[in-house]
Amino acid sequence: MNTYRNLIIWQKAMNLVTTTYEITLQFPKTELYCLTDQMRRSALSIPCNIAEGKARNSNKDFIRFLRIALGSLFEFQTQLEIAKNIEYINQEQFQRLWNFSTEIEVMLVSFIKKINV
């Protein structure tokens, strides 16, 4: 059966969420309802929108949800840079999450183009 769980892009997005949760555990407690929450929410939004879009009955709807996922990814990347700039994460953690996110970005853009044909 071809479900969202079979999509490599969804699987990679899930890895991004897991890694984000692990890394943001070290953020100051004062950030729990600020940057920590925002990074987790934007990361969570990516696989959730991929899954919801896959459940729709049309490519047009699926593309719309993939674009929302892409927007959440860009939001996450911005928050990731902020976390690096204020030294909540080190360069290695930043690079790990950045590499995950840019790989997902390329996949999302390619997937949208493929479906949009």
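Glu 103 is partly exposed, at a relative accessible area of 34% (partly exposed falls between buried, under 20% relative accessible area, and exposed, over 50%, with a 1.4 Å probe and protein chains only). The model is a predicted one, in which local features need pLDDT of at least 70 and side-chain atom pairs count only at pLDDT 80 or more, while totals for chains, interfaces and linings use all residues. Residues are numbered from 1 along each chain as its sequence is written, and side-chain values use heavy atoms, with hydrogens and water left out.

Back to Glu 103: its salt-bridge partner is Lys 12, and the closest N and O atoms of the two sit 3.0 Å apart. A salt bridge here is a side-chain nitrogen of Lys or Arg within 4 Å of a carboxyl oxygen of Asp or Glu. Lys 12 is partly exposed as well, with a relative accessible area of 26%. Lys 12 belongs to helix H1 (residues 8-24) and Glu 103 to helix H4 (residues 91-115), so this pair ties together parts that lie 91 residues apart in sequence. Helices are DSSP runs of H or I with at least four residues, numbered from the N terminus.

In total, the structure holds three salt bridges. Another one joins Arg 41 to Asp 37, with 2.8 Å between the closest N and O atoms. These two residues are four apart in helix H2 (residues 35-55), so about one helical turn separates them. Arg 41 counts as exposed at 53% relative accessibility, whereas Asp 37 is partly exposed at 24%. Arg 56 pairs with Glu 52, again through closest N and O atoms 2.8 Å apart. For this pair, Arg 56 has a relative accessible area of 35% and is partly exposed, and Glu 52, at 37%, also counts as partly exposed.

The largest nonpolar core has 32 residues, and the members touching the most others are Phe 27, Ile 46, Ile 50, Leu 66, Ile 104 and Leu 108. Such a core is a set of buried Ala, Val, Leu, Ile, Met, Phe, Trp, Tyr and Cys residues joined through side-chain atoms within 4.5 Å. H1, H2, helix H3 (59-85) and H4 each supply at least two residues of this core, and H3 gives the most, with nine. In soluble globular proteins, nonpolar side chains tend to be buried together.

Take Ile 104 from that list: leaving out residues up to four places away in sequence, Ile 104 touches Ile 9, Lys 12, Ala 13, Leu 16, Ile 46 and Leu 73. Contact means heavy atoms within 4.5 Å.

Leu 7 is found in the segment before H1 and counts as buried, at 14% relative accessibility. Beyond its neighbours within four places in sequence, Leu 7 is in contact with Ile 50, Lys 54, Phe 62 and Phe 111. The C-alpha atoms of Leu 7 and Asn 59 are separated by 15 Å, with the two residues 52 apart along the chain. Leu 35 is found in helix H2 and is buried at 10% relative accessibility. Not counting residues up to four places away in sequence, Leu 35 touches Phe 27, Gln 79, Ile 82, Ala 83, Ile 86 and Tyr 88. Between the C-alpha atoms of Leu 35 and Asn 99, which are 64 residues apart along the chain, the separation is 20 Å.
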